[in-house]
Amino acid sequence: MSYCREEGKDRIIFVTKEDHEAPSNAELIAEDPDDPYEEHGLILPSGDINWNCPCLGGMASGPCGEQFKSAFSCFHYSKEELKGSDCLDQFRGMQECMQRYPELYPQEDEKEGASTDGPPETEPAAPTQDSAPVPASAPDSPSSSKDTPPTDRPANS
């Protein structure tokens, strides 16, 4: 005996072997283009923001989700010539919230610094004696010769 039951948004249909062998007479229902569970990308056909879009990486639902939504909505709907220039307060609020949760929202420079063994270098490392390049002689210097091959020994000064 076949039967159907609903669990949340799902409908579960149990069929007998005889029901399964008969050709289906199910009618396909056209999908709702405004269904928020469907993947439409960031912007829905209505022009609204799809907060369920995986492209947001969960930003809309984290501890700073409301601040993110406020800032992102302001930017999306901004009519200013410099888009989003009227949203500085919302973005500042989002930034302040994110700074309260550094383990969830690491700063970009913290991500890069964490992947190296030490602090980021601001100056090139000093060459060692083994790797120090030998300075080239000036073209009119007597020690300069086009026929002399370079040596691995450091120049004596």
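Biologist: Where should I start? How exposed is Cys4, buried or partly exposed?

Modeller: Cys4 is partly exposed, because its relative accessible area is 42%. Keep in mind that this is a predicted model.

Biologist: Now the disulfides. What is a disulfide?

Modeller: A disulfide is a covalent bond between the sulfur atoms of two cysteines. In this model, a search of the whole structure turns up three disulfides.

Biologist: Which pattern do the disulfides follow along the protein chain?

Modeller: The pattern is 1-2, 3-6, 4-5. The numbers count bonded cysteines along the chain.

Biologist: Take Cys53 and Cys55. How far apart are their sulfur atoms?

Modeller: They are 2.4 Å apart, and the two cysteines form a disulfide. The cut-off is within 2.5 Å.

Biologist: Is that disulfide right-handed or left-handed, and why?

Modeller: Look at the torsion about the S-S bond. For Cys53 and Cys55 it is about 130°, so the disulfide is right-handed.

Biologist: And is Cys53 buried or exposed?

Modeller: Compare its relative accessible area with the cut-off. Buried means under 20%. Cys53 has 8%, so it is buried.

Biologist: Next, which cysteine is joined to Cys64?

Modeller: Cys97 is the partner, with an S to S distance of 1.9 Å. This pair links distant parts of the chain, 33 residues apart. Cys64 lies in the loop between helix 1 (17-21) and helix 2 (65-77). Cys97 sits in helix 3, residues 88-99.

Biologist: Is the link of Cys64 and Cys97 right-handed or left-handed?

Modeller: It is left-handed, with -90° about the S-S bond.

Biologist: Are these two cysteines buried or exposed?

Modeller: Cys64 is buried, at a relative accessible area of 1%. Cys97 also counts as buried, at 1% relative accessibility.

Biologist: Which cysteine does a disulfide join to Cys74?

Modeller: Cys87, with 2.1 Å from S to S. Here too, distant parts of the chain are linked, 13 residues apart. Cys74 is in helix 2, and Cys87 is in the loop between helix 2 and helix 3. The torsion about their S-S bond is about -90°, so this disulfide is left-handed. Both Cys74 and Cys87 are buried.

Biologist: How far apart are Gly62 and Tyr105 in sequence and in space?

Modeller: In sequence, they are 43 residues apart. In space, they are 9.9 Å apart, C-alpha to C-alpha.

Conventions:
Residues are numbered from 1 along each chain as its sequence is written. This is a predicted model: local features need pLDDT of at least 70, side-chain atom pairs count only at pLDDT 80 or more; totals for chains, interfaces and linings use all residues. Side-chain values use heavy atoms; hydrogens and water are left out. Buried means under 20% relative accessible area, exposed over 50%, partly exposed in between (1.4 Å probe, protein chains only). Helices (H or I, at least four residues) and strands (E, at least two) are DSSP runs, numbered from the N terminus.
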